[in-house]
Amino acid sequence: MTDTKPVVLIAEELSPATVAALGPDFEIRQTDGADRSQLLPALADAHAILVRSATQVDAEAIAAAPNLKVIARAGVGLDNVDIKAATQAGVMVVNAPTSNIISAAELTVGHILSLARHIPQACGALKAGEWKRSKYSGTELFEKKIGIIGFGRIGALVAARLQAFGTEILAYDPYVTSARAAQLGVKLVTLDELLAQSDFITIHMPKTPETVGMLGAEAFEKMKETAYVVNVARGGLVDEAALHEALVAGKIAGAGIDVFAKEPSTDLPFFGLDNVVVTPHLGASTAEAQEKAGISVAKSVRLALAGELVPDAVNVAGGVIHSDIRPGIPLIEKLGRVFTALTHDSVTQIDVEVAGEIAALDVKVLELSALKGIFADVVSEQVSYVNAPVIAEQRGINVRLITTEKAEDYRNVLTLRGALSDGSQITVAGTLTGPKQVEKLVSVNGFDVEIPITEHLIVVSYQDRPGVVGTIGHILGMNNINIGGMQVARRSEGGDVMALLTVDSSVPQQVLDAIKAGVGAIAVREVDLES
């Protein structure tokens, strides 16, 4: 009897280098992933599937693949993969988080140059038989101020390239220290300062509820009339209706847009304006980026099917990790997201502390998972086990892994402790309890609690006095938000109090503001772990 090779299904056209990187150990099959009638039957005995953007690997597709171990997206975005359904089915999802960063940075520079010198418009006019030399007189980049919103890996690459033009780089990123920015020759400023001073503004933020529409009517009002706006990061970061109004009203000089709220988009109102340059989501559309992405995920598939640690996994680490450590991976990643939601200034130091029985094991993956969670809602690129430490280094954040086999109240406790630029400290600790290994928060900023970690959590800090809990419940009830659980912790009567509430749905910002005003809270934060 001969051993059968694992089946790797390639659902879209990938580079020959991708197939070569897979090697001879698999049975390679091809299918048209965009055709559901072909895709679903082909998944029946597949152990891995490689896709780009056209194949929808949703819950139905995952259910049709009982042997599936890994879904590999040869690119960065994962909008076409149901990560939640994959995780529930124990299927690893991998992508190529750094494959397109150079291509995206170069396209950003291309848009800026096109706007400065009107290259596409002048080209179109000349090809139409019109010599409009005076109409398309442009501007130099030399000594101009470039504002970069989101100073992650792509933002830093853009800065490095534009510094060669003799520009002054301004950056806004609440998670980057001024010392780190100074090392890169960049001036860290507030968002309002950046908007008011910059001649060219490019945004490189993650797409979150807080950043959708970040460049909208209010932002355009703060910009120079001679400013240009560029977005090659995520559709929706720029309010498209507000952009059109600002362009028509002459509030800004022009825009370069590569990504859109809904794609494909071919007839948005600002497409017809002569001071706009648009491209059809070309950020990763280079031969080099596609080849890097294909080779990267092919290597990840090999690791996953061999049962080894997969650095680019976005949902489960996989690989040779002790069974006692595995349950802590999703826990500490969630603790990282809670940590980030509670920060109010840039982080300079992060300690990842593992206490208890598992501290005697190799817990390095818990440090990586913590960083992955901390940066998940901070940077525009997908965060993985391989690039999370790089992101920390780039932001000038020192990271330490601390282990101790002594845990006072629980078998194991995972703690994240961070120092902020203003001298304050954030701490978040969690554990797993009971036979079902329930994930719980057990400490927040020194307050001892024990509350399950759910998809929606509200943290309220206030001065101890009667009636606060009732007011919070009333405000949530008036907004049809149901409380699942609540715990109040205080250090002393009349002193500082922290209330943690688990709720059944996401809480709009205006409701959080109402709670803060209604109880005179010091701070009210929501931690949304649904995505």
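Modeller: H13 crosses H14 in a right-handed sense (the near helix is turned clockwise from the far one by less than a right angle). This is a predicted model, in which local features need pLDDT of at least 70 and side-chain atom pairs count only at pLDDT 80 or more, while totals for chains, interfaces and linings use all residues. Residues are numbered from 1 along each chain as its sequence is written, and side-chain values use heavy atoms, leaving out hydrogens and water. Helices (H or I, at least four residues) and strands (E, at least two) are DSSP runs numbered from the N terminus.

The axes of H13 (residues 328-342) and H14 (residues 364-376) lie 7 Å apart, at an angle of about 35°. Axes are lines fitted to C-alpha atoms, for helices over the stretch in contact, and angles run from 0 to 180 degrees between N-to-C directions. In contact (heavy atoms within 4.5 Å) are, among others, Ile329, Ile332 and Phe339 of H13 with Val365, Leu366 and Ile374 of H14. The contact residues comprise eight nonpolar, five polar and three charged. Ala, Val, Leu, Ile, Met, Phe, Trp, Tyr, Cys and Pro count as nonpolar, Asp, Glu, Lys and Arg as charged, and the others, Gly among them, as polar.

A second pair is H5 (residues 101-117) and H7 (residues 153-163), packed at about 50° with axes 9 Å apart. The contact includes Ile101, Val109 and Ile112 of H5 and Ile154, Leu157 and Val158 of H7; its residues are 10 nonpolar, one polar and three charged.
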